[in-house]
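I begin with the ligand site and then turn to the strands and the backbone.

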Amino acid sequence: MWRLKSTSNMPNEAFVLDPFQFAGPVLRSLPPETAHRLAIHAMRLGLAFPENEASDPILACEHWGLKFANPIGLSAGFDKDAEVMGAALRLGFGFTEAGTVTPLPQPGNPKPRLFRLTEDQAVINRLGFNNGGLTRFAVRFAHLDRSAPKGPAGANIGRNSSTEEKSAIADFEIATEVLAGLVDYLVINISSPNTPGLRGLQQRGRLEELIGRCVEARARGMCSDAPPPPLLVKIAPDLDESAKRDIAELALEANIAGLIVCNTTIDRPATLKSQFRNEAGGLSGAPIFDCARNFVAHMYRLTDGRIPIIGCGGIGSGDDAYAMIRAGASLVQLYSALVFEGPALVSRIKKQLAERLRGDGFACIEAAIGVDHCKTASARARINIK
Ligand SMILES: Cc1cc2nc3c(=O)[nH]c(=O)nc-3n(C[C@H](O)[C@H](O)[C@H](O)COP(=O)(O)O)c2cc1C
């Protein structure tokens, strides 16, 4: 946000001007992909309203040995080519995830392939992993300025659409090996609905093989004694119950350090109003929030709260982020709400989340993770939960 000095006599008073109030309608009058490209350019040029305030200390947390100034992350798909990782952290995000990147550059699906469902505060995309490929992506990670602002930067990896089904796992191995020494965490994305066959990797046997081979690739890619980046798996909300159970069991047995719950859905809630509601692709934004939060709660229960979960899907306020955390998310991510609310949303979410935590008597964010699962009144009273 831009802060202008007040001319009144009130000390410390400032008019807070959110340039998105002016830029937002202009951006939304453009085709969605053009608006997105402009936003990326603005961020690259440093024009995207950097936040000046440090995050409230109550929001600080640590997972996988990584320090987060706050638990609000930019989810994959916004910064597909790792162009604006530093700028995302400057906007106030506590962490950022670039990608999905595939080994080779690919153009993605034919346009139009991105739709704003304004009446529903939602987005449908069938981009199909359009990206500039692994080499350029890795170079950008290698040159990322780690001095300030600090915050974990992860990479989300996928497979090329031209890769034959039998070689799909090799795509993940290549990306893991190249990126292992450069990133703070790695996300194996097997949940995009827009790459035929990709979601099949969520089946138990294939996922087991995929994780095993990525763990070996990660070891090959490490050229120092530094701890290797944790491997996370991003899953789809459309999984059936047995697949959810399989993934939870595997997460507890195998080398899966965390789950991202969840990606976009192919489901179309009956409440959608927009003319674009029946476009093919993955739906994201406000209409998927309840489903995503319930899915987080379910995976938290299935994994006994032992695997950190990044809750993602429809988050657009501090209350949403708080509900996700109470349901079992250790961290949260968002993308679609930014399209409608602009970058000042990040500050608003952090402020409201800190207020909710204090209001409910929590001394730190970690104490709130999964509290909705403490069923008994005495257990809730012990940790002072309302
Ligand atoms: C335009 C768009 C592109 C996306 N691309 C990716 C992607 O490349 N990889 C990925 O893992 N998720 C991708 N996602 C999914 C988001 O990361 C996120 O999981 C999903 O949108 C739910 O969060 P939201 O409701 O806050 O947007 C994309 C989402 C959108 C809206």
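Predicted model: local features only at pLDDT ≥ 70, side-chain atom pairs only at ≥ 80, totals over all residues.

Entry 1. I found a backbone N or O atom of Ala 76 at 2.6 Å from an oxygen atom of the ligand. For Lys 80, I noted that an N or O atom of the side chain is 2.8 Å from a ligand oxygen atom. I then looked up Tyr 335, where a backbone N or O atom lies 3.0 Å from an oxygen atom of the ligand.

**Entry 2. Cover and shell.** I next asked how much of the ligand the protein covers. On its own the ligand has 600 Å² of accessible area, and the protein covers 97% of this. I listed the elements that give two or more residues to the shell: strand 6 (95-101), strand 8 (122-125) and strand 13 (282-285). I recorded 24 residues around the ligand, with Ala 76, Lys 80, Thr 100, Gly 314 and Ser 336 as the closest. By class, I counted 14 polar, 8 nonpolar and 2 charged residues in the shell.

Entry 3. Strands of a sheet pair through backbone hydrogen bonds, in either the parallel or the antiparallel sense.

**Entry 4. Two strand pairs.** I checked two of the pairings in detail. Strand 10 (residues 185-189) is joined to strand 11 by 4 bridges in the parallel sense, and Leu 186 has Leu 231 of strand 11 as its bridge partner. Strand 12 (residues 258-261) pairs with strand 14 (residues 309-312) over 3 bridges, also in the parallel sense. In that pair I found Ile 260 opposite Ile 310 of strand 14.

**Entry 5. Strand 11.** Are the residues of strand 11 (residues 231-235) mostly covered or exposed? I found that 5 of its 5 residues are buried. Leu 231, Val 233 and Ile 235 point one way, whereas Leu 232 and Lys 234 point the other way. Both groups are buried, Lys 234 included.

**Entry 6. Cis peptide bonds.** Most residues other than glycine have a negative phi, and most peptide bonds are trans. I therefore looked for departures from both patterns. I recorded a cis peptide bond between Lys 111 and Pro 112, with omega about -5 degrees. Pro 112 sits in the loop between strand 6 and strand 7 (114-117). I also noted that Val 261 and Cys 262 are joined by a cis bond with omega near 25 degrees. Cys 262 belongs to the loop between strand 12 and strand 13.

**Entry 7. Positive phi.** I found that Trp 64, which is not a glycine, has a positive phi near 50 degrees. Trp 64 is placed in the loop between strand 3 (61-63) and strand 4 (66-68), and it counts as partly exposed because its relative accessibility is 25%. Gln 121 likewise has a positive phi, about 55 degrees, although it is not a glycine. I located Gln 121 in the loop between strand 7 and strand 8. With a relative accessible area of 34%, Gln 121 is partly exposed.

Conventions. Residues numbered from 1 in each chain as written. Heavy atoms only, no water. Near = heavy atom within 4 Å. Polar contact = N/O pair within 3.5 Å; in protein donor to acceptor, adjacent residues only side chain to side chain. Areas by Shrake-Rupley, 256 points an atom, 1.4 Å probe, with all protein chains shown as cover. Nonpolar A, V, L, I, M, F, W, Y, C, P; charged D, E, K, R; others polar. Pairing = 2+ DSSP bridges. Buried < 20%, exposed > 50% of the residue type's maximum accessible area, 1.4 Å probe, protein only.
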